[in-house]
Amino acid sequence: MQILDRRFLYAIACLLLAMVTIQSGASIAKQLFPYVGPEGTTAYRLGFSALILCLVFRPWRKLPANWRPVTLYGLSLGIMNLTFYYAIERIPLGIGVALEFTGPLAVALFSSKRKRDYLWVLLAIAGILMLLPDMSEVDGLDPIGVILALIAGACWAGYIIFGKKSGGQGSGGITVALGMSVAAFAVVPFGVASQGLALLDWQLIPLGIAIGLLSSALPFSLEMVALRNMPAQGFSIMMSLEPAIAALAGLMILGELLTIWQWFAIAMVIAASLGSSITQKE
């Protein structure tokens with residue numbers, strides 16, 4: 001029991017660190033859109049991530065016996081990144097994140113086997129809805145952007161499901177390296193065809209490496225460790241902390257002040273995550 005407790009706490013720590021690094025990488029990625037667009041930014045992210053992960057974990061040493069879940073995991077990963085970057089090019093980032101979050105919340109809801117688990121899911125959903133910007137203040141919300149964000153959410157759900165299946169075949173690091181390589185092979189050629197020589201700008205390449213490390217290589221490796229040590233449902237509900245971390249980052253880095261109502265929403269999300277963590281052991 002003590003070993004299981006340590007593994008579960010270790011998974012939670014990995015997941016929290018992953019969310020922090022993703023927020024850091026997202027702030028850099030947003031700055032590259034005017035130069036190489038969402039396609040080029042995605043190519044940077046996936047290409048450098050795959051390169052870093054392959055150098056670290058050398059996945060060719062232990063290839064999986066069944067490539068199907070790894071391939072589906074990688075394709076979900078690649079399409080999720082591309083469609084999300086396209087979405088936030090058209091709609092505000094906060095709305096895009098909230099819409100994309102329908103994916104992991106759906107996994108949590110449909111994988112539930114106990115009625116009380118729905119309480120944590122509903123509490124997390126309520127908190128996320130309260131964190132949404134006031135839609136009446138959004139000028140001309142692009143419906144295509146909304147659809148793209150929802151597609152990214154569906155891909156996020158696939159990433160969780162297929163990541164759990166592929167993660168059980170061997171080392172988590174090797175699995176995520178293979179998945180990221182599949183994503184890179186699928187998406188990078190599209191980014192290169194779209195942006196061409198702009199991707200070779202030496203002033204942008206260091207930023208591209210930073211995006212690959214902070215937005216994908218490090219957090220997805222940490223998430224794979226978490227997936228191997230906790231149920232998919234617990235993983236999905238724990239991810240509810242992401243909007244709260246984003247709000248805190250906005251306060252500390254950008255000086256964005258929050259209302260009491262928004263802090264209450266963050267408290268609801270945290271309560272849902274803690275409740276899920278506690279009841280997972282019961």
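Mentor: Let's begin with helix axes: each axis is a line fitted to C-alpha atoms, for helices over the stretch in contact, and the angle between two N-to-C directions runs from 0 to 180 degrees. Helices themselves are DSSP runs (H or I, at least four residues), as are strands (E, at least two), and both are numbered from the N terminus. The structure above is a predicted model, where local features need pLDDT of at least 70 and side-chain atom pairs count only at pLDDT 80 or more, while totals for chains, interfaces and linings use all residues. Residues are numbered from 1 along each chain as its sequence is written, and side-chain values use heavy atoms, with hydrogens and water left out.

Trainee: Thanks! How many helices and strands are there in the protein chain?

Mentor: You will find 11 helices and 0 strands. Along the sequence, the protein chain reads α-α-α-α-α-α-α-α-α-α-α.

Trainee: At what angle do α2 and α3 pack?

Mentor: The angle between α2 and α3 is about 145°, and their axes lie 9 Å apart. Handedness comes next: a crossing is left-handed if the near helix is turned anticlockwise from the far one by less than a right angle, and right-handed if clockwise. Here α2 passes α3 in a right-handed crossing. On the α2 side the contact (heavy atoms within 4.5 Å) is made by Met80, Phe84 and Ile88, and on the α3 side by Leu93, Gly96, Val97 and Glu100.

Trainee: How do the residues of the contact of α2 with α3 divide by class?

Mentor: Ala, Val, Leu, Ile, Met, Phe, Trp, Tyr, Cys and Pro count as nonpolar, Asp, Glu, Lys and Arg as charged, and the others, Gly among them, as polar. In the contact of α2 with α3, that gives 5 nonpolar, 1 polar and 1 charged.

Trainee: How do the axes of helix α2 and α8 cross?

Mentor: Helix α2 covers residues 68–90, and its axis comes within 14 Å of the α8 axis, crossing at roughly 140°. Angles under 35 degrees count as roughly parallel, over 145 as roughly antiparallel, 65 to 115 as roughly perpendicular and the rest as oblique. By that rule, α2 is oblique to α8. The crossing of α2 past α8 is right-handed. From α2, the contact uses Tyr73, Leu77, Met80, Asn81 and Tyr85; from α8, Ile211, Ser216, Phe220 and Met224 take part. Sorted by class, the contact of α2 with α8 holds 7 nonpolar, 2 polar and no charged residues.

Trainee: And helix α3 with helix α4: at what angle do they pack?

Mentor: Helix α3 (residues 93–100) and helix α4 (residues 102–110) pack at about 25°, with axes 5 Å apart. This makes α3 roughly parallel to α4. Ala98, Leu99 and Glu100 of α3 meet Thr102, Gly103 and Pro104 of α4. The classes in the contact of α3 with α4 are 3 nonpolar, 2 polar and 1 charged.

Trainee: Let's turn to single residues. Is serine 215 buried or exposed?

Mentor: Relative accessible area decides: under 20% is buried, over 50% exposed, and in between partly exposed (1.4 Å probe, protein chains only). Serine 215 has a relative accessible area of 2%, so it is buried. The residue sits in helix α8, which spans residues 205–229. Beyond its neighbours within four places in sequence, serine 215 contacts Thr21, Ile22, Gly25, Ala26, Arg45, Ala210 and Phe220.

Trainee: Where is leucine 204 found?

Mentor: Leucine 204 is in the loop between α7 (172–195) and α8. At 8% relative accessible area, leucine 204 is buried. Leaving out residues up to four places away in sequence, leucine 204 touches Leu32, Tyr35, Val36, Tyr44 and Ala198.

Trainee: What does leucine 178 touch?

Mentor: Not counting residues up to four places away in sequence, leucine 178 touches Pro59, Leu63, Pro64, Trp67 and Val70. Leucine 178 lies in helix α7, and its 9% relative accessibility counts as buried.

Trainee: Which value does phi of arginine 58 take?

Mentor: Phi of arginine 58 is near 45°, a positive value in a residue other than glycine. Arginine 58 is placed in the loop between α1 (2–57) and α2. With a relative accessible area of 41%, arginine 58 is partly exposed.

Trainee: Finally, how many of the 282 residues of the protein chain count as buried?

Mentor: The share is 51%. Among contacts between residues at least 6 apart in sequence, 89% join residues at least 24 apart.
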